[in-house]
Amino acid sequence: MEPDRLVVLPEDINLSVAAFTEIVSVSVHALRRFERFTHARRNVVGIWGDGNLGYITAIFFKAMFPNTKLYILGVDQEKLSGFSFADDTFSVSDIPDDLYIDHAFECVGGAASQQAINQIIDHIQPEGTISILGVSEYPVPINTRMVLEKGLRIFGSSRSGREDFLKTVELYKEHPEIIGYLRNIVGAQVEVRSIEDMNKAFETDIHKSMGKTIMLWNK
């Protein structure tokens, strides 16, 4: 690896958190693009998705846009209770009719992304921006009539580059509370000394609904 591809982490960073900096950098990449693409009215933003991706995106959104109200919309009340830093949380099955947002992030993915995107289209203000981060294996039908009627902008993000890693580390340093929040989603930590241990880690990860499985590589 060339030296110009390396990004130095803070010396005292929690290594279990540092291990999933890549997915964090994807959220930061989406937030940096959001900053460029959206209009100036950012009074209220909604994030659909109460899983790892929604949680990470929400943490960094509040760090980068502290003056914007942030609403989290999900399906699991226990998970939603973990978004203590958000301004409010809502169940997607009981969204108030008068809830309106200026912009939104879709962090659901899979088959449920159809419902999430269409709910966003219903509740977003005209000329708002929708950032899609959730991955679906199948084509997702959305209400394009209302996309046209409201003049919405939709963009997708699933990758990140060196500048995003640099911004992520900068935010780690400027907002040390971020590391504390991210520690909440450190799940199983599996020591790896063999292929069997790797398989165990992947198997553990498959059977949990929340949290990042960390592999501790040992000789």
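**View 1. Gly46 and its bridge partner in the predicted model.** Gly46 has Ala104 of β4 as its bridge partner. The model shown is predicted. Strand β1 spans residues 44-48, and strand β4 spans residues 103-106. The two run parallel and are joined by 4 bridges.

**View 2. The open sheet.** The sheet is built from 6 strands. Their order is β3-β2-β1-β4-β5-β6, with parallel pairing. β3 (88-91) and β6 (153-156) are the edge strands. Each has a single partner strand, so one side of each lacks a neighbour in the sheet. From one strand to the next, the twist averages 20°.

**View 3. Helix α2 on the sheet.** α2 packs on the sheet and touches β1, β4, β5 (129-132) and β6. The direction of α2 makes about 155° with that of β6.

View 4. α5 covers residues 113-123. This helix lies across β1, β4 and β5. α5 runs at about 180° to β4.

**View 5. Where α2 crosses α3.** Helix α2 (residues 21-37) and helix α3 (residues 52-64) have axes that come within 9 Å. The axes cross at roughly 50°; the helices are therefore oblique to each other. The crossing is right-handed.

**View 6. Residues at the α2 contact with α3.** From α2 come Ile23, Val24, Ser27, Val28, Leu31, Arg32, Phe34 and Glu35. They meet Leu53, Ile56, Thr57, Phe60, Phe61 and Met64 of α3. By class, the contact residues divide into 10 nonpolar, 2 polar and 2 charged.

Notes: Residues numbered from 1 in each chain as written. Predicted model: local features only at pLDDT ≥ 70, side-chain atom pairs only at ≥ 80, totals over all residues. Heavy atoms only, no water. Axes fitted to C-alpha atoms, helices over the stretch in contact; angles between N-to-C directions. Parallel < 35°, antiparallel > 145°, perpendicular 65-115°, else oblique. Left-handed = near helix turned anticlockwise from the far one by under 90°. Contact = heavy atoms within 4.5 Å. Nonpolar A, V, L, I, M, F, W, Y, C, P; charged D, E, K, R; others polar. Pairing = 2+ DSSP bridges.
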